[in-house]
Amino acid sequence: MGGRGAGGKQQGTRKGKSGKRGKPSSGGPDVFVSYAGADRPWAEWVAWQLRDAGYSVELDVDWQAGDNIVLRMNQALERAGLIVMVWSPAYFERNRFTADEWTAVMAERPGDRQPVVPVRVAQVDPPRLLKTLAHRDLFGFDERKARTTLLEAVGGARDAAGVPEFPGTAKSKVQREQAPRLPGALPPVWNVPRRSVLFTGRDGPLVALRERLHGGGAAVVQAVHGMGGVGKTTLAVEYAHRFAGTYDLVWWIDAEQPTRISDQFTDLGVAAGWISADMPTPDVTALVMQQLRRQSAWLLVFDNAERREDLQPWLPQGAGHVLITSRNPGWGQLVQPVPLQEFTRPESVALLRHSLSHLTGDQADELAGRLGDLPLAIAQAAQMLGETGMSVGDYLTLLSEQTVPILSEGVPDGYPAPLAAVIHTSMRRLAAEDETALQLLRVCAFLAPEPIPMDLFTATPGALPSPLAEVVTTPLAFAHIRRRIAAFGLARVGEGTLQLHRLTQAVIRDSVDPADRPEARRRCETLLAAALPDDGRDPVHWPRWAQLTPHLNALDPATTTHDGLRGMACRATSYLLSRGDTDTAGEVSGRLYLSWQERFGPDDPYALFVGTNLALAYDRSGRFTDAYELGGEIHDRRRRMLGDDHPDTLISANNLARTLSELGRHDEALNLHQDSYDRRCSVLGKDHPETLISAGHLANSIRRTGRHQEALVLHGDAHDRRRRMFGDDHPSTMISAGNLADTLRTLHRHDEALAIHEDTYDRHRRVLGGDHPDTLTAANDLATTLFHMSRDADAARLFQDTLGRSRRVLGEDHPRSLQLARSLAAVLGRRREALPLLHDTFRRYQRVLGDGHPLTSDCAFQLAGFLGATGRHRDAVTPARYALQHRRALLGDGHPDTVEAATYLVQLLRHAGRNGQARDVAQEMRLDETREQD
């Protein structure tokens, strides 16, 4: 028996008149049982014993599907009179709800905390926070001793006197049922295979399966289905062993060959003592079924059943449980189907590291990812690495280069065959039934292991081999072949989709004759290219792009010669940029640009297309120098090849002008924007989307020169045209609305600016989501307007929230994050937290953009202003000198910003008592007397 902790007596005990703990006044359960999923049998045993002793009990998964589990958990903890914790190694594993439960309980002050009763069901040391709690041990004893220990721990059985239970209530029902045996005890009638010593995880499916089977009433039937190698049989074996104590009879039936089921029913009847072995088969079946109808605590497992019509005659009636495992998902008309998916990544890693203790977490994660978290493949890899001493790197190389041979190695415990053999057997049986279905699988094998939209095939049947090309044009026939594929566990059928596991794909690809593989790939390229949604910039089509992009990547456009697929890959990078996934867009564009330049030459139009998007990705990531160099090179190539007026040249010119502006070269940017806009108006017309992009950029450049009214007219015209062409919710329209509102704010028309910014920010969040870069820009614009309207508290809250999002999405060093940090510091004013934020932002600007960038000098000037405003004139001199030095180099001595910096430096020097230095700066900058005194 476990000894008491250092705390001595158990704290928080509540007692009623009888001296025993009373029912909580809230009307909640007397006892809440907190346990890990792996210990469900122990939790059920504890709950039964407590209910039998007069307590009302709630298990922490006695809840309905769709419940908010964390909310329900907290509510249950608050309602319960006391909490029984079922301690085991699993209970203290990370990432379990049990951790949330016990930490929530222990966070309460001892006087406010519900009574806590820990019981150990296995040898385990609790965390330090729980060591002060007294605990009892239930393991290692017979059932009577364990029950006595449990009831002593909770204060004894409740007083049975008082109002009788209404007939049919849960408590009466429990008392009529037979008590479960202690977990681990096997029933007298039992033939289940040995459980796998490598079994790990699967707590969720096991508990869910238990919940469904434990619903009571007539015979409950569940059909666990999934692809080959997903661990259906292993799960059924584990369920039978784990919950064996709740059954009086558990019988395993191999249902793969329906003709053998009757013999196994005979074996059941003999083992149970219901019949003699020499009875005729029809009589045996009737007698066994009759006995099962009369019994209640039984479980039949039909393993590896193929078709519901083969099994239907063998499903008994009565208050027992039936568990079916099958690759076929088509059980819905007969029983309740339960899909079994691959391992979660933590489950895969746990199995690998349990078998291979030397494996690091990163190695296990990479291996699990390459194996697609398929349990059989994970078990095979663990076996092979453990038996051969092969390194993970060598195994992964073999997996890439010799997939089928390595997946043919080993038969892990609990599985009948290696994965490659399982897949090959299913392929042969499918081909015997429907060769056309195998044709479809061979096409799908060259795409990604993601859902494949079936309209790829119906839209372009001419790209498919015969007779598949004819079948896909007949909806019913096409549906039948998908059903057959799913029935053999070779793919999952979704709504209008088919999905193959990556290892299934690899085995099927390997079965295609090497001479036929280029043609198979070419078919997929044609199918995908024909499905091009749009140019990638309209959010309406983004869900379709998200569906197609994995399959585009699987075909590796860097290696293709298919022009249609190359064009689609170009537009996919535009989609990534428009969606706000700048890092991925840059990575994909960079790889395609280098590959296509090498294969097709530096002037290849597709290479220049993705090169343009690579330069845009540089620009949006704050790599303005890289963007300028690459964008300038592509602009020069297009001018030479296509001329100044070609639409592609004008795209490059517009992008280059934008980067010039980011580099602070505003005059050059203005000239190039004006030229691009004029040419687009002439070549494309004023309503063309690209012309409207130029109009917005040109208007922004004009505004920077102080010609605000002129910029307002141009922004207003562009916004009106975009609203008319695209509607208010199109990203281009929202960008032009933001530009228009910014210009109105510059003209001090704050109310008008605020109304537009609020509307635009709401639209951005609804259309693009709260974390899209354009949404962050809209939030920044709105907060800036609020600041200019002296609504400092509202502005600060929005700047703070947006800065957090920007740092998480774009990174702390992104120019947009740095600008938001500057804006927040400005709103904070002279508050103490503004100074470290400004210091940090200035250092980041120096590191990211360099000393010569105008934003770096602007941040230095802002820092100097803060120090000066708080009376730290000497400290302010250094950043003020920095700002003046770099503004002179960038803008010249006569620029208003340079004069502003010089004037402020003179003021600071005089406040610091350095009058001679102030006079020298004033003379050097030729400041007049009036200016010096401002």
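Mentor: Contact here means heavy atoms within 4.5 Å. Keep that cut-off in mind; this is a predicted model.

Trainee: Which residues of H6 and H7 are in contact?

Mentor: On the H6 side, Asp 203, Pro 205, Leu 206, Leu 209, Arg 210 and Leu 213. They meet Leu 235, Glu 238, Tyr 239 and Arg 242 in H7. By class, that contact holds six nonpolar, no polar and four charged residues.

Trainee: How do the axes of H6 and H7 lie to each other?

Mentor: The axes of H6 (residues 203-213) and H7 (residues 232-242) come within 11 Å and cross at roughly 65°. The crossing is right-handed.

Trainee: What makes Gly 894 count as exposed?

Mentor: Exposed means over 50% relative accessible area. Gly 894 has 67% relative accessibility, so Gly 894 counts as exposed.

Trainee: Where does Gly 894 lie?

Mentor: In the loop between helix H39 (873-891) and helix H40 (896-911). Gly 894 and Met 925 are 31 residues apart in sequence, with their C-alpha atoms 8.7 Å apart in space.

Trainee: How do you know that the length of H26 agrees with its residue count?

Mentor: H26 covers residues 605-620, which is 16 residues. The expected span uses 1.5 Å times one less than the number of residues.

Trainee: Why is H26 called largely enclosed by the rest of the structure?

Mentor: Buried means under 20% relative accessible area. Twelve of the 16 residues of H26 are buried, so the helix is largely enclosed. Among them are Ala 607, Leu 608, Val 610, Leu 614 and Tyr 618.

Trainee: What covers the buried residues of H26?

Mentor: The cover includes helices H24 (563-579), H25 (582-600), H27 (624-642) and H28 (647-662). After H26 comes Gly 622, with a positive phi near 85°.

Trainee: Which residues touch the most other members of the largest nonpolar core?

Mentor: Tyr 239, Leu 371, Leu 440, Phe 457 and Ile 485, out of 127 residues. Take Phe 457. Leaving aside residues up to four places away in sequence, Phe 457 touches Leu 440, Val 443, Cys 444, Ile 452, Leu 464, Val 472, Phe 478 and Leu 527. Another core, of 54 residues, lies apart from it and includes Leu 803, Phe 842, Tyr 845 and Leu 909.

Trainee: And the protein chain overall?

Mentor: The protein chain has 42 helices and 14 strands. Of its 934 residues, 52% count as buried.

Terms used. Residues are numbered from 1 along each chain as its sequence is written. This is a predicted model: local features need pLDDT of at least 70, side-chain atom pairs count only at pLDDT 80 or more; totals for chains, interfaces and linings use all residues. Side-chain values use heavy atoms; hydrogens and water are left out. A nonpolar core is a set of buried Ala, Val, Leu, Ile, Met, Phe, Trp, Tyr and Cys residues joined through side-chain atoms within 4.5 Å. Buried means under 20% relative accessible area, exposed over 50%, partly exposed in between (1.4 Å probe, protein chains only). Helices (H or I, at least four residues) and strands (E, at least two) are DSSP runs, numbered from the N terminus. Axes are lines fitted to C-alpha atoms, for helices over the stretch in contact, and angles run from 0 to 180 degrees between N-to-C directions. A crossing is left-handed if the near helix is turned anticlockwise from the far one by less than a right angle, and right-handed if clockwise. Ala, Val, Leu, Ile, Met, Phe, Trp, Tyr, Cys and Pro count as nonpolar, Asp, Glu, Lys and Arg as charged, and the others, Gly among them, as polar.
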